[in-house]
Each structure stands twice: as structure tokens, then as C-alpha cells.
Amino acid sequence: MDEMDHEARKKTISKQFFLLVFILLIFFIGMISLLCSPVFSVNRVQVSGNTYMSQDEVIRIAGLPDRVNIFRLTTREIQTKLCKDLRIEQAVVQRSFPSTIKIQIIERKPIASVACEYGFLEIDKKGMVLAVHKTITDMQVPIITGVVLHNLYIGDSVLDATCLKVLEYLAQLDETSVNQISEVHIAAPDQIVAYTRNSVQIRLGSTDRLSEKAKATQDFIQNMQTMKQSIEYIDFNFTAPFIKFKNR
């Protein structure tokens, strides 16, 4: 009886082994079929979040091969390629079966310019240098005056503390308000003045209460168009803003 039980167990184990081999074989055949199937060949790339960069430019940076199988792509590798471009702050790459790749990016947007020894630096809200210009004529962002930065190139970061505070202030304004600011002048760390495009002074003073001052600036710019009397300046050095009207 023992020998018969032993033989039965051997046959059972043998059947289980061959069944496992058969299942693995089917699995590998299925995987190879998926990797080679034209159904899963990437034929569409969707790009979102791009404002300054074109879709074709983003796809070129991503380096997607032509007609590649969607399973062969490594999304993390594509994200790394995209984020190596200084204009891209963050990227998310996802597969959308059967044949679409979705790329969502967050661009580094220029928020201000500042003078340097060889022209003007275009910088984002975190102080990274995105571009260098010999003149200021082509830039549509506010200029920070009263300071000249040295030895900074594309990809470097601004270290000047007061300049970084000004960037923090500008970053808290909405797009409409930022577009109305032409200049932020740093006479001293506690004497900062912003100027609107119609030459109204916004006296910010020091870099304390930046969030409060940014909110007040935004409200002021929104209401400025409805004021009947011309304004010379508004002063945020005090808890209650003071408005000085121009003499008629």
C-alpha cells in the first residue's frame, strides 16, 4: 500500500509540475503576443499643461520612439527626460490603453527679470534663471531694479535674499495683477516699491507680511480702474493702507 501511495503521489506531483509549466508557457506566449501586437503600438500622444512650449516640442523632449509598443515604454524614464529641460518643473506620464500616452507638465514660468553684468536674467518664482537677454525689450514680466546680480547663468538660482522675497510677493499675485506690475524697485531691504503700468506707486516697505501685502495689492489693482480720482501712491507700510491722490 505504501508503494502504491508513493507512486500516486509521484504522479500527482508530476501532473502538477507539467500543469505549472504549461501555465507559465501560456503566460509567456501571452506576454510576447502583447509586446508584439500592433493593437498596443503607440499612435497618439496627448500633452496638457503646456502654455509656453508647443506640443511637438514636449513630444520631442520626451524622446518617444516611432510606433513603439505601449508596454515597452518606461514612464519614469520619460518623466526624467522631460524634467531635465529647465522649462519643465514637473511631468507626469501615463499609459492610456490600448495605444495612447498622456503627458501632463507643469512649466516653469518667468515671473520677473533682473539686471546682470551682461544683460537681463529671466527668472521663475523660485529664483531659477530660465533665460538670458541682452536687452529688456522682449520681456513681458516685471523688472526688479535696484539690484544687479553677478555670475548667474541659465539653470542657476538667485541667492539674493531681498530679491527672493520680491519673487515670493509676485508669485502670490494672480496673473491679471502681475501683468499690471511693470517694476519692483529695491532701494533697501525695507524700502521696496512696486510700480503699476500706469505709474502708480505701491509702497510695500519691508518684506514682512508679504501674503497680506500681496492680497492688498491684488484688491487695489482690481479696484483701481473704478476710482474716479488719479492716484499717486498707496502705502502698505501700515496695517491700514494709505492712499495719496494726485492734486488736480
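The model is predicted. Its chain runs to 248 residues, and 37% of them are buried. The secondary structure comes to six helices and 12 strands. As for how the chain folds back on itself, take the contacts between residues at least 6 apart in sequence: 49% of these join residues at least 24 apart.

Two helix pairs can be described in some detail. Two packed helices are described by the angle between their axes and the distance between the axes. For helix 2 (residues 55–62) and helix 3 (residues 75–83), the axes come within 8 Å and cross at roughly 120 degrees. This crossing of helix 2 and helix 3 is right-handed. Helix 2 brings Val58, Ile61 and Ala62 to the contact, while helix 3 supplies Ile78, Lys81 and Leu82. Sorted by class, that gives five nonpolar residues, no polar ones and one charged.

The second pair is helix 4 (residues 161–171) with helix 6 (residues 210–224), whose axes come within 9 Å and cross at roughly 45 degrees. The two helices are therefore oblique to each other, and their crossing is right-handed. On the helix 4 side the contact is made by Lys165, Glu168 and Tyr169, and on the helix 6 side by Leu210, Lys213, Ala214 and Thr217. Here the residues split into three nonpolar, one polar and three charged.

Ser177 sits in helix 5 (residues 175–179) and, leaving aside residues up to four places away in sequence, touches Gln218 and Ile221. Ser177 counts as buried because its relative accessibility is 1%.

Next come the aromatic rings. A search of the whole structure turns up three aromatic pairs. One of them joins Tyr118 and Tyr153 in a stacked arrangement, with 5.5 Å from centre to centre and 10 degrees between the planes. These two residues are 35 apart and link distant parts of the chain: Tyr118 is in the loop between strand 4 (112–116) and strand 5 (119–123), and Tyr153 in the loop between strand 7 (143–149) and helix 4. Both ends are partly exposed, Tyr118 with a relative accessible area of 29% and Tyr153 with 46%. Another pair is Tyr233 with Phe242, where the ring centres are 6.3 Å apart and the planes stand at 50 degrees, so this pair is tilted. Tyr233 counts as buried at 12% relative accessibility, whereas Phe242 is partly exposed, with a relative accessible area of 43%.

That leaves the backbone. Most residues other than glycine have a negative phi, and most peptide bonds are trans. Against that background, the bond joining Phe97 and Pro98 is cis, with omega about 15 degrees. Pro98 is placed in the loop between strand 2 (88–96) and strand 3 (100–107). Ser199, not a glycine, has a positive phi near 70 degrees; this residue is in the loop between strand 9 (191–196) and strand 10 (201–205), and at 54% relative accessibility it counts as exposed. Arg209 is not a glycine either, yet has a positive phi of about 50 degrees. Arg209 lies in the loop between strand 10 and helix 6 and counts as partly exposed, at 28% relative accessibility.

Note on methods. Residues numbered from 1 in each chain as written. Predicted model: local features only at pLDDT ≥ 70, side-chain atom pairs only at ≥ 80, totals over all residues. Heavy atoms only, no water. Axes fitted to C-alpha atoms, helices over the stretch in contact; angles between N-to-C directions. Helix = DSSP H or I, 4+ residues; strand = E, 2+ residues; numbered from the N terminus. Parallel < 35°, antiparallel > 145°, perpendicular 65-115°, else oblique. Left-handed = near helix turned anticlockwise from the far one by under 90°. Contact = heavy atoms within 4.5 Å. Nonpolar A, V, L, I, M, F, W, Y, C, P; charged D, E, K, R; others polar. Phe/Tyr/Trp six-rings, centres within 6.5 Å; stacked < 30°, edge-to-face > 60°. Buried < 20%, exposed > 50% of the residue type's maximum accessible area, 1.4 Å probe, protein only.
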